[in-house]
Structure formats: structure tokens, C-alpha cells
Amino acid sequence: MEQYRASGLSQMEYCRQTGTVLSSLGRYLRRTMCPAQQLVPVKVEAPPEAGAGFVLMLGNGRRIASGWGFGDRELARLIRVAESA
């Protein structure tokens, strides 16, 4: 990463010159530039109505609205994907 940052090249040009895979460089950059993501506790103010779904407000201002139910693991993955997009 130090070599890439010191090069002053675009990601594409750096990868072309060094033989690095562009998607691998991008993935590593996202991991090193983003703080660790954590789930935070929330307070449910009213019991959900059957089939009502939910709206989740993310830290980057995006919203996820769904009528589907998610398990903890699937919801955590959904949040990670949405926050990194």
C-alpha cells in the first residue's frame, strides 16, 4: 500500500504497471480506509406489525426498507454491503 500511495498513479495505472489485480487493490483500500464497522443497539418503540417490515438508517445517510425478515447474520451482511457501496 505504501508503494501505491507513494506512486501518485491512479489505481488502474498502478495495477497495470505492477501486475496487481485492480479489484484486490480496491478491496484492500476500502478495508484500510474505512473504520471497523459495528452493530449498535437500538430501541424498538412499538412491536412490529405482521408484514410491516422495517426501515434501517445507515451512518452514511442511506436507508434500507424491507418487508422481509432477516436473521442477525444476514442483516449484518446487508449492512456491511450497503455501508461499503
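Reader: Among contacts in the protein between residues at least 6 apart in sequence, how many join residues at least 24 apart?

Author: In this predicted model, 26% of the contacts between residues at least 6 apart in sequence join residues at least 24 apart. The secondary structure through which the chain runs comes to four helices and two strands, and from the N terminus on the order of these elements is α-α-α-β-β-α.

Reader: How should I read an aromatic pair, and which residues form the one found here?

Author: The general idea is to look at the distance between the ring centres and at the angle between the planes, where an angle over 60 degrees counts as edge-to-face. A search of the whole structure finds one such aromatic pair: the ring centres of tyrosine 4 and tyrosine 14 are 5.3 Å apart and their planes stand at 70°, so the pair is edge-to-face. Because tyrosine 4 belongs to helix α1 (residues 2–7) and tyrosine 14 to helix α2 (residues 11–18), the pair ties together parts that are 10 residues apart in sequence.

Reader: Are these two tyrosines buried or exposed?

Author: Burial is read from the relative accessible area, and a residue under 20% counts as buried. Tyrosine 4 has a value of 14% and tyrosine 14 a value of 11%, so tyrosine 4 is buried and tyrosine 14 is buried as well. Of the 85 residues of the protein, 14% count as buried.

Reader: Which residues of helix α4 are buried, and where do they lie around the helix?

Author: Helix α4 (residues 72–84) has 13 residues and reaches 18 Å from its first C-alpha to its last, close to the 18 Å expected at 1.5 Å a residue. Within α4, Ala76, Ile79 and Ala82 are buried, and, seen down the axis, the buried residues fall within an arc of 130°, so they line one face of the helix. On the other side of α4, Arg73 and Arg77 are exposed, whereas the buried residues of the helix pack against β1 (54–57) and β2 (63–66).

Reader: In which sense do β1 and β2 pair, and over how many bridges?

Author: β1 and β2 pair in the antiparallel sense over four bridges, with phenylalanine 54 opposite serine 66 in β2. The hairpin has five residues between its strands, and glycine 61 takes a positive phi near 90° there.

Reader: What does leucine 58 touch, once residues up to four places away in sequence are not counted?

Author: Leucine 58, which lies in the loop between β1 and β2, touches Ile64, Ile79, Ala82 and Glu83 on that count.

Reader: Where does asparagine 60 lie?

Author: Asparagine 60 lies in the loop between β1 and β2 and is partly exposed, with a relative accessible area of 36%. Leaving aside neighbours within four places in sequence, asparagine 60 is in contact with Ala82 and Glu83, while its C-alpha atom and that of serine 84, 24 residues apart along the chain, are separated by 9.4 Å.

Terms used: Residues numbered from 1 in each chain as written. Predicted model: local features only at pLDDT ≥ 70, side-chain atom pairs only at ≥ 80, totals over all residues. Heavy atoms only, no water. Phe/Tyr/Trp six-rings, centres within 6.5 Å; stacked < 30°, edge-to-face > 60°. Buried < 20%, exposed > 50% of the residue type's maximum accessible area, 1.4 Å probe, protein only. Expected span 1.5 Å × (residues − 1). Arc of directions from axis to C-beta. Contact = heavy atoms within 4.5 Å. Pairing = 2+ DSSP bridges.
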